[in-house]
Amino acid sequence: MKTVPLQAVPLIEQKIQEKATTAKGQEKSAASRQEIYAGQLAAIPEFADLGPLFKSSSTPAELTESETEYVVNCIKHTFAEYIVFQFDCTNTLNDQQLENVTVAMEPSDDFEVISHVPIPCLKYNQPGTTYTLVKITDDPMSGRDQSTSI
């Protein structure tokens, strides 16, 4: 049995409702993703005491091309005084197994590399995740080093 609506909703209102629903879904998705990242990071002992997760990057940054020997994507997780770089790696060489995999970062004056959480073993075509913990040593908002006392 088919039904006929009693009142037609103008096309403009339908589009506005669709956009609002889509925006709510994206916000909920971002919040859910943020909660997932917060849970994953809290489960790692090295990151348990970093405090609440402020923000994670919305999409992974591709650090390598997909045709290279190793595929690496990065997600940045920002805390009040730290940044955790999550490197999702895939070994695309079928004749090599990688062990104790980390991604080296060059520190700057504003950042200090604190520690790495390596991938113990990265087999062919199997994804793995390594982390680099960086401490923010300079307050970019104040323009001076936080450790300086007046």
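**A walk through the pairs in this fold**

Both F47 and Y131 are buried (buried means under 20% relative accessible area, exposed over 50%, partly exposed in between, with a 1.4 Å probe and protein chains only). They form an aromatic pair that is edge-to-face, with 5.6 Å from centre to centre and 75° between the planes. Here is the rule for that: rings of Phe, Tyr and Trp (its six-membered ring) pair if their centres lie within 6.5 Å, and planes under 30 degrees apart count as stacked, over 60 as edge-to-face and the rest as tilted. F47 lies in the loop between α1 (11-42) and β1 (55-56) while Y131 is in strand β8, so the pair ties together parts that are 84 residues apart in sequence.

Before going on, a word about what you're looking at. This is a predicted model, where local features need pLDDT of at least 70 and side-chain atom pairs count only at pLDDT 80 or more, while totals for chains, interfaces and linings use all residues. Residues are numbered from 1 along each chain as its sequence is written, and side-chain values use heavy atoms, leaving out hydrogens and water.

Now for the overall layout. The protein chain has 1 helix and 10 strands (DSSP runs numbered from the N terminus, helices being H or I with at least four residues and strands E with at least two). Of its 150 residues, 23% count as buried.

Back to the rings: the structure holds 2 aromatic pairs. F85 and F87 make a stacked one, at 6.4 Å centre to centre with 20° between the planes, and both of these residues are buried too.

What about charges? There is 1 salt bridge in the structure, meaning a side-chain nitrogen of Lys or Arg within 4 Å of a carboxyl oxygen of Asp or Glu. The side chains of E81 and K135 meet in it, at 3.3 Å from N to O. E81 sits in the loop between β3 (70-78) and β4 (82-91) and K135 in strand β8 (residues 127-136), so this pair ties together parts 54 residues apart in sequence. E81 is partly exposed, at 42% relative accessible area, and K135 is also partly exposed, at 22%.

Finally, the cysteines. The count comes to 0 disulfides, a disulfide being a pair of cysteine sulfur atoms within 2.5 Å. The sulfur of C74 is 9.5 Å from the closest cysteine sulfur, in C89, which is too far for a bond. C74 is buried, with a relative accessible area of 10%, and C89 is buried as well, at 5%.
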